[in-house]
Amino acid sequence: MIPDPTATAASTADATTADATATATGGLPFVGADEVARRIGPDRARELVDKALRDGFDPAQDPARVHTGAGDGHLLLMPSTLGQWVGVKVATVSPENPGRGLPRIQAVYVLMDARTLTPRLMVDGVSLTSLRTPATSAVAADHLTAPDATTLVVFGNGPQAVEHTVAMSRIRDFTDVRLVGRSPHKVRAALDELADRGIDARPGKPEDVAGADLVVCATSAAEPLFDGSLVDDGACVIAMGSHETDRREVDAGLMGRAFVVVEDRGAAMRECGDVVMAVDEGTLTPDALTGLAPLVRGEVTRREDRPNVFKGSGMSWQDLAVAVGVAPEAPEV
C-alpha cells in the first residue's frame with residue numbers, strides 16, 4: 001500500500017495547518033527534469049505503472065482529458081486519484097512556439113495528498129510524459145510479446161521512439177533492433193543516441209514488420225505506417241502515436257484480425273483513431289476491446305493465433321503513478 005502522505009509529512013516536519021498552507025502557496029518543492037531522471041529510470045517507471053494496475057486501479061475511473069482553447073494554442077488538464085495521492089498535469093500546446101525558440105509542448109505536474117488536497121510537490125510534466133508513455137507501452141508489451149522474442153522494429157526517430165526502444169530493451173533480450181524513419185539523418189541521430197545508451201540498432205524499412213516479434217509505432221503519423229497483413233500471428237504491435245480520432249498508425253485490417261488491448265474502452269473510443277476508424281470501417285467492434293488492467297492481472301493472456309495489438313493514448317493515472325515515485329516519501333515497488 002502507498003503510505004499516508006499526510007502522516008509522513010507530519011511525522012517528518014511536524015507541520016501545522018498554517019505551515020501546510022504556506023507550503024501550498026509559497027515554497028512548494030519543484031522537481032526538474034534532470035532530477036526526475038535521477039530518481040526514476042525506465043524499470044522503476046514500468047514497475048510503478050504495473051503496480052497501480054495490480055493493486056486494483058480501474059482506468060475507467062480516470063477523468064477524461066480536458067481540452068480547451070487558450071491564448072495562441074490550447075490547454076490540457078489531466079487529473080487523477082490513486083489511493084492516497086491526487087495529481088493533475090497541466091500541459092500547453094502552442095504551435096508557434098518553435099519559431100519563438102520555445103518548446104511546442106510544456107507541462108507541469110502538481111502532486112497532492114488525497115485527504116487534505118494540499119499540494120506537496122511540483123514536477124516537470126514533460127519529463128513525466130517521457131517516462132510514463134514508454135513505461136505503459138512496456139507493461140503492455142511485456143504481457144503481449146513472446147518470451148523468446150529477439151526482433152524489435154520501431155517506427156519513429158524522435159524522443160518517444162528512443163525512449164520506447166530503451167524501455168523495450170529492458171523487457172526482452174533483443175538481438176535485432178531496427179529504427180524506421182522518413183529522415184535518414186534523424187534516424188542516424190537516434191541510432192547514435194541509442195548506441196550511447198548501450199543499444200545496438202540499425203536502420204530499417206516498413207517491410208521489416210514481417211517476421212518481427214515486436215513492432216512499436218512512436219510517430220505522429222495520420223496514415224498507417226505499414227501493411228498490417230505482414231504482421232505475424234503471435235507478434236505484438238504497440239501503437240502510441242496520438243490521442244486524436246482522425247489519426248492512426250496501424251490499418252483497420254490489422255486491428256480487425258488482432259487481439260486488441262487498450263488502456264480503457266471508453267478512453268479508446270474517445271481518443272484512439274486506430275480504434276475509432278477501424279470500428280467505423282467495420283473491421284472491429286467496441287466489445288472486442290480488452291482492457292490493460294485484466295491483462296496485467298492475468299485475467300486474459302496474449303494470443304498466438306493472431307497478432308496482439310496495444311493501442312494507448314496516454315491517461316492521467318499513468319502520470320500520477322510515476323509522479324508518486326518521484327515523491328521523497330514514495331514506497332519501494
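Two strands are taken to pair if DSSP finds at least two bridges between them. In this predicted model, strand S8 (residues 176–180) and strand S9 run parallel and are joined by 2 bridges. Within S9, Pro203 is the residue that stands opposite Leu179. Helix H7 (residues 184–196) packs on the sheet and touches both S8 and S9. The direction of H7 makes about 145 degrees with that of S8.

S8 and S9 belong to an open sheet of 8 strands with parallel pairing. The order of the strands across the sheet is S9-S8-S7-S10-S11-S14-S12-S13. The edges are formed by S9 (202–203) and S13 (290–291); each has a single partner strand, so one side of each is left without a neighbour in the sheet. In general, strands of a sheet pair through backbone hydrogen bonds, in either a parallel or an antiparallel manner.

A further packing arrangement involves two helices. Two packed helices are described by the angle between their axes and the distance between the axes. For helix H4 (residues 42–54) and helix H5 (residues 125–144), the axes come within 8 Å and cross at roughly 70 degrees. Because angles of 65 to 115 degrees count as roughly perpendicular, H4 is roughly perpendicular to H5. The crossing of H4 past H5 is right-handed. On the side of H4, the contact is made by Ala45, Arg46, Val49 and Asp50. H5 contributes Leu131, Ala135, Thr136, Ala138, Val139 and His143. Sorted by class, the contact of H4 with H5 has 6 nonpolar, 2 polar and 2 charged residues.

Terms used:
Residues are numbered from 1 along each chain as its sequence is written. This is a predicted model: local features need pLDDT of at least 70, side-chain atom pairs count only at pLDDT 80 or more; totals for chains, interfaces and linings use all residues. Side-chain values use heavy atoms; hydrogens and water are left out. Axes are lines fitted to C-alpha atoms, for helices over the stretch in contact, and angles run from 0 to 180 degrees between N-to-C directions. Helices (H or I, at least four residues) and strands (E, at least two) are DSSP runs, numbered from the N terminus. Angles under 35 degrees count as roughly parallel, over 145 as roughly antiparallel, 65 to 115 as roughly perpendicular and the rest as oblique. A crossing is left-handed if the near helix is turned anticlockwise from the far one by less than a right angle, and right-handed if clockwise. Contact means heavy atoms within 4.5 Å. Ala, Val, Leu, Ile, Met, Phe, Trp, Tyr, Cys and Pro count as nonpolar, Asp, Glu, Lys and Arg as charged, and the others, Gly among them, as polar.
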